Amino acid sequence: MSAVIEIKDYTWRYLYSPNPALENINLTVHQGEFIGIIGPNGSGKTTLAYSLNGLIPGQYHGIKQGGIKVLGKDVESYPTGALQKSVGVVFSDPEAQFTTMTVEDELVFGMENLGMSIPEIRERLEWVVELTDLSPLMLKPPYEISGGQKQRVALAAVLAMRPPIMVLDEPTSMLDPISRRRIFEVLAKLKREQRNTIIVIEHSLENLVPLADRMVLLHNSHLLLEGETRQFFEQMDLLLEKGLFPPGIMQFFHYLKQQGRYDGYLPVTVAEAAEKLTSLLEPAQEGKQ
Ligand SMILES: Nc1ncnc2c1ncn2[C@@H]1O[C@H](COP(=O)(O)OP(=O)(O)OP(=O)(O)O)[C@@H](O)[C@H]1O
Ligand SMILES: [Mg+2]
């Protein structure tokens, strides 16, 4: 697998800020990986997203050490606007991203900028509107729709462009549980069918964890823990100590493990948990017969 993002000894301090927002970060992301990034408020997650699509150092002033390569090229060596074609970012404050007068234009705008043909744009538009349930909103101005709807538009606009790398910064923070699940279903579909590299920053782990190949914990500007998802959650005590809340089923099995009643990886989905629980209970039931 080829590396699509290489972060090496990367430190960033916003100008006038006494401490770095990210300090000595090292992380390599490979093509097609699905990475979950978690960490408490202020730990540096959004700063990392800014650093991946060139908003840092492009739009923000500060002091940088080390470097970030995207698709083999240093982030700073991309001409203005070029990096955004490779790295599509959806931010948690979608309003800041809107530039047009209707939802439809918002979705088409990015594709036009990529120089796609009209039939291609039409086909992609149909696909993304269906995926994100946006058809009733197409003619509305983006500033007249609800927060959750805005988030769906911002995500759809990036999905429509199918950038090779997508970074989603809390993409579902304003969504109701059904819309949230739908977005994660869309991401699961993308993961299965496309070769996109997807990085999702999320506080709510229930939906994220089953999809993630690898997890990263940022804490106080540092990369505190990183690893393949199941191995990552083996460090449950550290995660709980740092104020992170792994999915309930994982905590439940961690508890069983502490009691000496379970040995093995912590299940990441309800179905997997049910299976493990059944096999834990079976010998006991056999004993009763
Ligand atoms: N524009 C800025 N200028 C100066 N400092 C900033 C700026 N943006 C963020 N910071 C600081 O950088 C640190 C990291 O912030 P960042 O927004 O990356 O955290 P985060 O992990 O995304 O938090 P949250 O979960 O609240 O979104 C914080 O200490 C924050 O106060
Ligand atoms: Mg943030």
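Domain bounds, as used in these legends, come from an automatic or database domain assignment. The structure shown is a predicted model.

**Figure 1. Overall view of the chain.** The predicted chain has 289 residues, and a compact globule with that number of residues would have a radius of gyration near 19 Å. The value for the chain is 21 Å, which agrees. Along its principal axes, the C-alpha trace spans about 70 × 45 × 35 Å. The secondary structure comprises 12 helices and 10 strands. Of the 289 residues, 37% count as buried. Among contacts with a separation of 6 or more, 65% are made by residues 24 or more positions apart.

**Figure 2. The open sheet of six strands.** The strands stand in the order E6-E7-E8-E3-E9-E10, and their pairing is mixed. Which strands stand at the edges? They are strand E6, residues 87-90, and strand E10, residues 222-228. Each of these two has a single partner strand, so one side of each is left without a neighbour in the sheet. From one strand to the next, the twist averages 15°.

**Figure 3. Close-up of strands E3 and E9.** Strand E3 covers residues 34-38, and strand E9 covers residues 214-219. How many bridges join strand E3 to strand E9? There are four, and the two strands run parallel. At the residue level, isoleucine 35 stands opposite arginine 214 in E9.

**Figure 4. Helix H1 on the sheet strands.** Helix H1 is formed by residues 45-52.

Figure 5. The chain is divided into domain 1, made of residues 32-59 and 79-235, and domain 2, made of residues 247-289. Between the C-alpha centres of domain 1 and domain 2 there are 34 Å. The contact takes seven residues from domain 1 and six residues from domain 2. Which helices each supply at least two residues of the side of domain 1 that touches domain 2? They are helix H8, residues 205-208, and helix H9, residues 229-232. By type, the residues of this side of domain 1 divide into four nonpolar, one polar and two charged.

Conventions: Residues are numbered from 1 along each chain as its sequence is written. Chains are lettered from A and ligands numbered from 1 in the order in which they are written. This is a predicted model: local features need pLDDT of at least 70, side-chain atom pairs count only at pLDDT 80 or more; totals for chains, interfaces and linings use all residues. Two strands pair if DSSP finds at least two bridges between them. Axes are lines fitted to C-alpha atoms, for helices over the stretch in contact, and angles run from 0 to 180 degrees between N-to-C directions. Two residues are in contact if their C-beta atoms, placed from the backbone, lie within 7 Å. The radius of gyration is taken over C-alpha atoms; the globule rule is 2.2 Å times the number of residues to the power 0.38. A residue is buried if 20 or more other C-beta atoms lie within 10 Å of its own, exposed if 12 or fewer, and partly exposed in between; C-beta atoms are placed from the backbone. Ala, Val, Leu, Ile, Met, Phe, Trp, Tyr, Cys and Pro count as nonpolar, Asp, Glu, Lys and Arg as charged, and the others, Gly among them, as polar.
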